[in-house]
Amino acid sequence: MRCSGDTQSMSRGGTRQLYELRGSIKTTLNSWEGSKADIQDGGVLTIQRSSDSLLSRESTDLKTTVKLFLSDTDSSQVEDAIKTVSKVLDLPCIDLVIVTPPDVSDDATLESLAPMWQALEDSVTNGAVTAIGLADVSTSLFTELYEWAKIKPSTMQVNLSSCCIVPQELSTFAQQHDIQVLTHNDPAEIVDEDTVSTITSRLGLSGTQCQIQWIARHRSIQQCFGLVQDKGYMLALACNG
């Protein structure tokens, strides 16, 4: 099941983002007139708010960034998320996709990230995405992935909750390789069990085991003025039964 919604408010902290996403999901579910009987081939049910796009997609000054929060590093999640976001937003190409892997601990390995990153590289090769980046992994793992990757990450995001400043080693490496380093304050848990319960209850799936596959947050900025023109979330749930 896929659910998408738009929101115009700006986030200033992790708590604000949680309320923002929950509000977006609630509004989308309330305005949705379908049912679980609308499930498509492959067991996919798409829930989308019916509204006209706020954007002029032909604008050359508009940059769209998508941040993916994955539950698995399998390539299929990346492929599905990029395909869904591109279709819903009517985007021929996403300017930047940044991925947060499910495991950002010191135990994470290049081998575990390889399928995910290769899917991102494929999205660049086929023209669906212009640039790709990574979030929250250790400096050593980011460096290792950079050296291994065929298509290099152009961006690295660092969570301010784990460090007050960007590590010097990462900063130096980024300067040497022209990598953009950004900070963020996304909460560790973007969607909690209460939010999942809200979705399943609306669909008449209470009691069914459902798990978040991926969450995508998109933001389109008019670069000339630095104005956020569009912002929203999409997510995919896998349910048994």
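For the first stop, a helix axis is to be understood as a line fitted to C-alpha atoms over the stretch in contact, with angles running from 0 to 180 degrees between N-to-C directions. The model is a predicted one, and the values given along the way are to be read with that in mind.

Begin by selecting helix H2 (residues 75–89) together with helix H3 (residues 110–125), whose axes come within 7 Å and cross at roughly 35 degrees. The crossing in which H2 passes H3 is right-handed. To see what makes the contact, show the side chains of Ser75, Val78, Glu79 and Ile82 on H2, and those of Pro115, Met116, Ala119, Leu120 and Ser123 on H3.

Next, move to aspartate 90, which is found in the loop between H2 and strand E4 (94–100). Most residues other than glycine have a negative phi. Aspartate 90, although not a glycine, has a positive phi of about 55 degrees, and this residue is exposed, with a relative accessible area of 57%.

Now select Phe142, Tyr146 and Phe173, which ring pairs link into a cluster; the count of aromatic pairs comes to two. The rings of Phe142 and Phe173 have centres 6.4 Å apart and planes at 85 degrees, and because an angle over 60 degrees counts as edge-to-face, the pair is of that kind. Phe142 lies in helix H4 (residues 139–148) and Phe173 in helix H5 (residues 168–177), so this pair ties together parts that are 31 residues apart in sequence. Tyr146 and Phe173 have ring centres 5.3 Å apart and planes at 90 degrees, so this pair is edge-to-face. With Tyr146 in H4 and Phe173 in H5, the pair ties together parts that are 27 residues apart in sequence.

Finally, select aspartate 178, whose place is in the loop between H5 and strand E7 (180–184). Aspartate 178 has a positive phi of about 55 degrees although it is not a glycine, and at 72% relative accessibility this residue counts as exposed.

Conventions: Residues are numbered from 1 along each chain as its sequence is written. This is a predicted model: local features need pLDDT of at least 70, side-chain atom pairs count only at pLDDT 80 or more; totals for chains, interfaces and linings use all residues. Side-chain values use heavy atoms; hydrogens and water are left out. Rings of Phe, Tyr and Trp (its six-membered ring) pair if their centres lie within 6.5 Å; planes under 30 degrees apart count as stacked, over 60 as edge-to-face and the rest as tilted. Helices (H or I, at least four residues) and strands (E, at least two) are DSSP runs, numbered from the N terminus. A crossing is left-handed if the near helix is turned anticlockwise from the far one by less than a right angle, and right-handed if clockwise. Contact means heavy atoms within 4.5 Å. Buried means under 20% relative accessible area, exposed over 50%, partly exposed in between (1.4 Å probe, protein chains only).
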